[in-house]
Amino acid sequence: MTANTPCEPDELRSLFLFEALTDEQLAVLCSNGCIQEYQPGPICVEGEPATCFYVLIDGELAMSKLSGGQDIETVRTSQRGVYAGAWRAFTGGKQKTYDASVHVTKPSRFFVMDAPVFAQFMRDQFPMAVHLLDGIAVGTDRTRRIIDNREKLLALGRLSAGLTHQLNNPAAAISRAAADLRERVANMRHKLAMLADGTITPEALSALVRLQERVAEQVAKSATQHLSALESSDREDAIGDWLEEHGIDGGWDIAPTLVEGGVDTDWLERISTVAEELASATLEQAVRWINYTIESELLMNQILEASKRISALVADAKQYSQLDRAPFQVANVHDLLHSTLVMFADRLTKDGGKDAGKEAKTINLVKEWDRSLPEIPCYPGDLNQVWTNIIDNAIAAMRDQGGTLTIRTCRYNDNMARVEICDTGPGVPADIREHIFEPFFTTKPFGEGTGLGLDLAFNIVVKKHRGDLRVESVPGDTRFIVLLPLEMPIADVAAVDDDEVDDADPE
């Protein structure tokens, strides 16, 4: 850049941007701005503080935007009067950073004004236009903010309903198991009462208790040994025959419990041997005693497993919400995807959102995850919102016919993490594909969609994380592709934090 030189009103008037201004207005511009010459190279960089307003007098400029970690040229022009930089500085002072990068391709001259001075000139000279444009900007921003918050609340409501359903199942299992365990404990007390009338001697009880402890160990061991349906059926037949041969009434009723507890005919022979050694304890008493032990242990296992399931669901919900985490952190993208999928579990098992009068359709889940991906610097809560919006759309697309939801991760160009969310729905028509990331654009029936879900996802991925969000679609194969940088410059993190503070201000 060369030294600043004064501008001439007549030269400014030759530019289409200023041709309708009065002599007084041109004089104000010239007194507050200057002419600067630039050699080929950058004059402003996307994301950096927006300090100046630029108008091309002669030369050539190229404008670019970040996409997928790369600068993509969007326009190249030598038209005199085109403008760039802090051109929105007067709309409520909301433009804090440059929207795009601009560089000159050959020696060029620009009329340059400091952003605050340009903003004040616009407010002084064109108050009505500024008010109108400011109203459009503020109104659009407030509308987007209100509907976006409502969209989040609706999504949270749907996910909460699914999570409540998932929590209800293990909670109900605990309630049933606790009630059955109470009954078993009462029966065990009845058996112990037999000691009082001498039916079973202390020696017999001691022997049965030792056998009971070994059976409890066998139940714990059997929890890790899974029999096939055929193996279980064969073992039940063998135990039922053994009990029937030894004159035990109702043996076929307790055979399934014995099998589930890992007891086979060899165990029954050991129980029989203990009963023969203890004249006061019959074989049937011994078998019943062991059966109660197994039932109690299995019920306690059910309570333990259901409690673990509830704890896991709560942990996943906590991971999804990120309520107790710092907004910006290094996170495992697979952990974020998993916590989001948990929220959709009830819609990915047997139905994809059943409509009244329609049979539920199955939506299968396929995960193809590259576990070698490193953790990424990101805003986990925001990324979970991205996964939520895209997955919700994918499930809705397959609601009527069912299909397969595929989540795929891999490394992209060495410096990016790639996440694909794919569905086998009807696809996105080519004529609307370029509009799906636009705010308020929706293909859903009136009143059902706000058109901000994908717009929000795009802003989070592209603007907040310097990544890229794109879609590829043919009937039966729609892929939303999210690219996220494996490293984020500290300057970008600071800029995003500043934007968050500004967004929190309703004025």
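This is a predicted model: local features need pLDDT of at least 70, side-chain atom pairs count only at pLDDT 80 or more; totals for chains, interfaces and linings use all residues.
1. Overall make-up. The protein has 14 helices and 13 strands. Of its 507 residues, 43% count as buried. The accessible surface comes to about 26300 Å², and carbon and sulfur atoms hold 54% of that surface.

2. Contacts along the chain. If you take the contacts with a separation of 6 or more, 74% of them are between residues 24 or more positions apart. Keep that in mind for the pairs below.

3. Glutamine 36. You'll find this residue in strand 1, which covers residues 33-38. Is glutamine 36 buried or exposed? Its relative accessible area is 9%, so it counts as buried, the limit being under 20%. Its side chain makes a polar contact with the side chain of tyrosine 38, at 2.5 Å.

4. Salt bridges in general. How many does a search of the whole structure find? The count is 15. As background, side chains of opposite charge can pair when their charged atoms come close. Three of these pairs are worth a look one by one.

5. Lysine 65 and glutamate 46. These two side chains meet in a salt bridge, 3.7 Å from N to O. The pair links distant parts of the chain, 19 residues apart: lysine 65 is in strand 3 (residues 52-67), while glutamate 46 is in the loop between strand 2 (41-44) and strand 3. Lysine 65 is partly exposed, with a relative accessible area of 32%. Glutamate 46, at 13%, is buried.

6. Glutamate 368 and arginine 408. Here the closest N and O atoms of the salt bridge are 2.7 Å apart. Glutamate 368 sits in strand 8 (residues 363-368) and arginine 408 in strand 10 (residues 403-412), so this pair links distant parts of the chain, 40 residues apart. Glutamate 368 counts as partly exposed at 37% relative accessibility, and arginine 408 counts as partly exposed at 21%.

7. Lysine 464 and aspartate 382. This salt bridge has its closest N and O atoms 2.7 Å apart. Which elements does the pair tie together? Lysine 464 lies in helix 13 (residues 453-464) and aspartate 382 in helix 11 (residues 380-397), so the bridge ties together parts that are 82 residues apart in sequence. Both lysine 464 and aspartate 382 are buried.

Key: Residues are numbered from 1 along each chain as its sequence is written. Side-chain values use heavy atoms; hydrogens and water are left out. Helices (H or I, at least four residues) and strands (E, at least two) are DSSP runs, numbered from the N terminus. Buried means under 20% relative accessible area, exposed over 50%, partly exposed in between (1.4 Å probe, protein chains only). Contact means heavy atoms within 4.5 Å. Accessible areas come from the Shrake-Rupley method with a 1.4 Å probe; for residues, only the protein chains shown count as cover. A polar contact is a pair of N or O atoms within 3.5 Å; within protein, one must be able to donate a hydrogen and the other to accept it, and residues adjacent in sequence count only if both atoms are side-chain atoms. A salt bridge is a side-chain nitrogen of Lys or Arg within 4 Å of a carboxyl oxygen of Asp or Glu.
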